[in-house]
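Colleague: I would like to go through this model and hear the grounds for each term you use. Please show it first.

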Amino acid sequence: MNIREKFSVLLLILGIILALLPLSASRSFVVKPHKLLSEVTSPDTYFTVDQVARFVVMDDSSIQLIDLRSAQEFKSFNIPGSVNVPYNELLDKDPSTFLGLAKMKNIFYSNGDFDSNFAVVIVQGLGYKNNYVMKGGLNEWFSTIMNSEFTGEKISARENALFETRIRAKKLFTKINSLPDSLKVRMLKSRHFDPKKLDGGCE
Amino acid sequence: MKKKYMNPYLAGTMLGIVLLLAMFVAGRGLGASGGLKYCVVSIVGAVDRPHTENSVYYSKYFEGGKKPLKNWLSFEILGVVVGAFISGALSKRLKFKIEKSPKISSTRRLIFAFLGGVFFIYGAQLARGCTSGAALSGMAVLSVAGFVTMIAIFGSAYLFAWFFRKNWI
Amino acid sequence: MGPVSSLFTFPEWLDLLIAFLIGTGFGFSLEQAGFSSSRKLAGMFYGYDTTVIKVFFTAAIIALIGSQLLSFFGLLDLTKVFVNEYYVAASIIGGVIMGAGFIMGGYCPGTGLSAMSIGKIDAIVFFLGGLTGAFLFAETYPLIQDLANRSYRGPVKINEVMGISPGLFTLLLIIAAIIMFWFAEAAEKRFARPDITEEI
Amino acid sequence: MILINKYKVIIAISGVIIILVCIRSFNIDHFKNNAKSLAGPSFNHSIIISEKQIGIIGKNILFVYLDKVDIPIKDLHNEVITIKPDSILNKENLRKIIKHKGSVLIISSDPAVSARIWMILSQMGRHDVFILTDHPDNEVFKNKFRPDTLNRLEL
């Protein structure tokens with residue numbers, strides 16, 4: 001019995017164990033389940049459309065809007081300042097390419113409430129921080145911001161500010177999305193991210 | 001009296017664990033040829049600074065005031081030298097000598113060693129890694145590049161072995 | 001979840017210290033395996049000493065098994081470990097040039113460094129040749145830039161190309177390695193050169 | 001006996017690894033490998049169903065209420081539990097959901113909460129989890145954007 005035969009047997013056993021395991025080289029959640037659950041059940045992970053409208057109007061540079069709809073839908077209109085990551089391609093890409101910087105708030109939105117909330121759990125589970133959802137999605141954005149009209153008798157100062165923001169957001173949204181297609185494509189190209197490369201090898 | 005070498009399977013396991021540690025701690029494999037490149041880049045940078053700034057190749061290593069020697073790969077090969085010295089000292093193998101077949105002269109051995117070095121590192125720069133950086137570390141992460149480089153290195157060495165047999169046996 | 005470097009941003013001195021320590025382990029293993037002897041390394045191509053293939057495949061397989069088990073236990077995120085990028089032409093041509101260098105010089109860069117540090121004069125000359133090679137590459141880079149960057153395929157993994165799980169591929173690699181180890185030891189008996197193996 | 005002695009080291013090493021692998025495999029309290037394939041059913045919304053479609057997800061359904069919703073359950077043979085969203089991973093709750101033979105149906109008045117809990121349960125390796133909603137068209141865009149072709153931004 002020589003050492004080669006013993007070593008071969010050991011490697012073979014380990015190889016068979018590996019072949020039977022459900023291994024996969026693709027991404028998996030890295031955050032502990034209980035920690036992730038308490039993060040995503042917190043009410044602090046939502047923004048209302050009015051809050052998002054304020055960010056847009058003030059051109060807040062500490063937020064990053066991420067549109068989860070298809071590229072086609074994104075092209076026809078989107079909230080000014082968004083980047084497009086179709087939900088079903090979310091896990092094909094390296095999230096660090098579009099999740100901006102460490103202190104940036106990433107706000108996900110889709111048409112409704114499903115895709116954006118699926119996505120926020122995924123990125124949070126992969127270990128990225130500061131991820132939020134625009135509650136109600138674009139449906140809510142349209143019914144609140146785009147179709148906003150004041151119906152009442154007397155307007156308070158707070159309401160006045162709110163409606164002011166809504167109207168400015170609506171104007172900006174319409175202006176930017178009414179641009180001719182060629183200009184839009186140019187603007188979107190300038191917001192294209194390059195994947196970050198890992199350090200290594202002999203280079 | 002010098003000690004015998006370690007059993008190859010045991011030594012291989014040890015090397016594998018070092019490689020695994022590199023992957024676990026730093027998220028990267030091992031490398032050797034890259035370190036040599038950084039030596040050359042910093043020497044050229046010290047001798048002829050304007051040349052490095054104009055060259056497409058060198059300039060990227062000096063961007064933004066970077067120092068090529070303060071680099072993972074440079075420090076790694078420094079470690080290789082120290083680690084091998086420790087091992088050689090423990091096994092009493094420290095000795096100045098030219099290792100060669102008794103059939104060839106020392107000059108011939110040294111000429112071929114020099115040529116071997118030129119070819120090896122030139123190829124390693126082209127393939128972006130040598131036997132350790134591309135083949136070994138590449139295989140350990142299942143990279144296609146690793147397997148292709150490994151087959152190319154060993155395949156061509158077997159092909160050329162016949163022409164150089166007088167140097168070795 | 002590792003790699004540790006993705007959890008904390010190391011200060012530069014710690015990063016370089018880790019590089020140095022990993023390098024020390026690397027050099028120590030190479031020297032212990034006997035890779036500081038060019039005649040031992042070259043023995044692989046003439047059959048009298050096949051240590052190279054044994055150590056090389058053992059190391060790759062151990063790292064492969066270890067990294068996959070760590071990933072299964074949730075300790076290592078393999079998507080954050082560097083995967084070598086595949087440039088078809090550069091990998092093949094570079095590999096062939098390296099093979100020629102290997103049989104002429106008798107060392108590869110890592111083993112040459114460890115041989116140099118225990119006093120092999122031929123390894124010191126090999127190292128000087130290596131510096132010259134790197135210099136020549138840098139100077140001729142504009143001429144071969146196109147070749148070096150041609151047919152880029154990205155960091156592709158072999159098991160994905162073959163469409164099988166990484167575990168299954170590892171098993172196949174292990175079976176191939178076991179067969180090679182058996183052949184290697186048979187070759188050592190067939191092409192035995194006691195005069196050389198005694199000396200190195 | 002001689003055989004065991006010869007293979008002592010091998011048996012020890014592989015034994016330890018097999019035990020560790022078994023512990024990991026039978027422990028339910030961690031996320032499973034490959035986030036993409038586990039999230040798969042959410043990409044085409046096939047797991048979002050309306051009340052009428054309950055029949056197609058099988059007989060033995062575990063109804064998980066995340067809050068009080070007025071959706072009456074017609075078939076009383078099914079098991080019904082109420083769990084607050086933030087305690088869904090407590091030992092007994094998780095065990096009940098994972099070990100249940102048949103589909104699991106999440107019911108909440110807030111589609112956002114349903115979606116989030118669905119993703120967590122799916123990544124824990126629970127298959128056949130469905131979301132019940134009275135607005136299955138939630139992800140469909142219901143408005144129309146009218147571009148303003150007269151008012152151009154000066155660039």
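Modeller: Contact here means heavy atoms within 4.5 Å. By that test Ser74(B) touches Gly35(B), Tyr38(B), Pro68(B) and Leu69(B), leaving out residues up to four places away in sequence. Bear in mind that this is a predicted model; its scores are ipTM 0.83 and pTM 0.83.

Colleague: Why is Ser74(B) called buried?

Modeller: The cut-off for buried is under 20% relative accessible area. Ser74(B) has 9%, so it is buried. The residue is found in helix α5 of chain B.

Colleague: Why is helix α2 of chain B described as largely enclosed by the rest of the structure?

Modeller: Because 12 of its 15 residues are buried. Among them are Gly35(B) and Tyr38(B), both touched by Ser74(B). The cover over the buried residues of α2(B) includes α3, α4, α5 and α6 of chain B, together with α6 and α7 of chain C.

Colleague: How does the length of α2(B) compare with what is expected?

Modeller: From first C-alpha to last, α2(B) reaches 22 Å, close to the 21 Å expected.

Colleague: Which chains share the most contacts, and how do you know that chains B and D do not touch?

Modeller: Of the 5 pairs of chains in contact, B and C share the most. For chains B and D, the nearest C-alpha atoms are 13 Å apart, and the two chains do not touch. As for confidence, chain C has a mean pLDDT of 90, and 100% of its residues reach 70 or more.

Colleague: What makes strand β4 of chain D covered on both faces?

Modeller: In a regular strand the side chains alternate between the two faces of the sheet. In β4(D), Val104(D) and Ile106(D) lie on one side, Leu105(D) and Ile107(D) on the other, and all are buried.

Colleague: How do you know that β4(D) pairs with β5(D)?

Modeller: Pairing needs at least two bridges. β4(D) and β5(D) have 4, in the parallel sense, so they pair. Ile107(D) has Leu132(D) as its bridge partner in β5(D). Between these strands the chain crosses through helix α5 of chain D, and this β-α-β crossover is right-handed. Strand β2(D) is also joined to β4(D) by 4 bridges, running parallel.

Terms used:
Residues are numbered from 1 along each chain as its sequence is written. Chains are lettered from A and ligands numbered from 1 in the order in which they are written. This is a predicted model: local features need pLDDT of at least 70, side-chain atom pairs count only at pLDDT 80 or more; totals for chains, interfaces and linings use all residues. Side-chain values use heavy atoms; hydrogens and water are left out. Helices (H or I, at least four residues) and strands (E, at least two) are DSSP runs, numbered from the N terminus. The expected span of a helix is 1.5 Å times one less than its number of residues. Buried means under 20% relative accessible area, exposed over 50%, partly exposed in between (1.4 Å probe, protein chains only). A crossover is right-handed if, with the strands pointing away from the viewer, the path from the first strand over the helix to the second runs clockwise. pLDDT is the predictor's confidence in each residue, from 0 to 100.
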